Amino acid sequence: MLSIKQCKEILNKGKRKFTEKEIKEIRDYLYLIADIELSFSNK
């Protein structure tokens, strides 16, 4: 799992700056999508 620090560095490269809460929510959402994708690809 990526750390919040790593996610912050990636997400805040552009003009848009994300809060710590937003970064955590984005990271959690992306991990959820990845988990769903893995579940379907393993069937």
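The model is predicted. The protein has 43 residues, 12% of which count as buried. Its fold contains two helices and zero strands.

**Overall form**

- The C-alpha trace spans about 40 × 15 × 15 Å along its principal axes.
- The accessible surface of the protein is about 3900 Å². Carbon and sulfur atoms account for 60% of that surface.

**Charges**

- Side chains of opposite charge can pair when their charged atoms come close.
- The count of salt bridges in the protein is three.

**Salt bridge of Glu22 and Arg16**

- The side chains of Glu22 and Arg16 form a salt bridge at 3.3 Å, N to O.
- Glu22 is partly exposed, at 25% relative accessibility.
- Arg16 is also partly exposed, at 46% relative accessibility.

**Salt bridge of Glu25 and Lys21**

- Glu25 and Lys21 are joined through their side chains by a salt bridge of 3.6 Å, N to O.
- Both residues belong to helix H2 (residues 20-41), where Glu25 and Lys21 are four residues apart, about one turn of the helix.
- Glu25 counts as partly exposed at 45% relative accessibility, whereas Lys21 is exposed, with a relative accessible area of 59%.

**Salt bridge of Asp28 and Arg27**

- A salt bridge of 3.9 Å, N to O, links the side chains of Asp28 and Arg27.
- Asp28 is partly exposed at 44% relative accessibility.
- Arg27 has a relative accessible area of 15% and is therefore buried, the cut-off being under 20%.

Notes: Residues are numbered from 1 along each chain as its sequence is written. This is a predicted model: local features need pLDDT of at least 70, side-chain atom pairs count only at pLDDT 80 or more; totals for chains, interfaces and linings use all residues. Side-chain values use heavy atoms; hydrogens and water are left out. Buried means under 20% relative accessible area, exposed over 50%, partly exposed in between (1.4 Å probe, protein chains only). Accessible areas come from the Shrake-Rupley method with a 1.4 Å probe; for residues, only the protein chains shown count as cover. A salt bridge is a side-chain nitrogen of Lys or Arg within 4 Å of a carboxyl oxygen of Asp or Glu.
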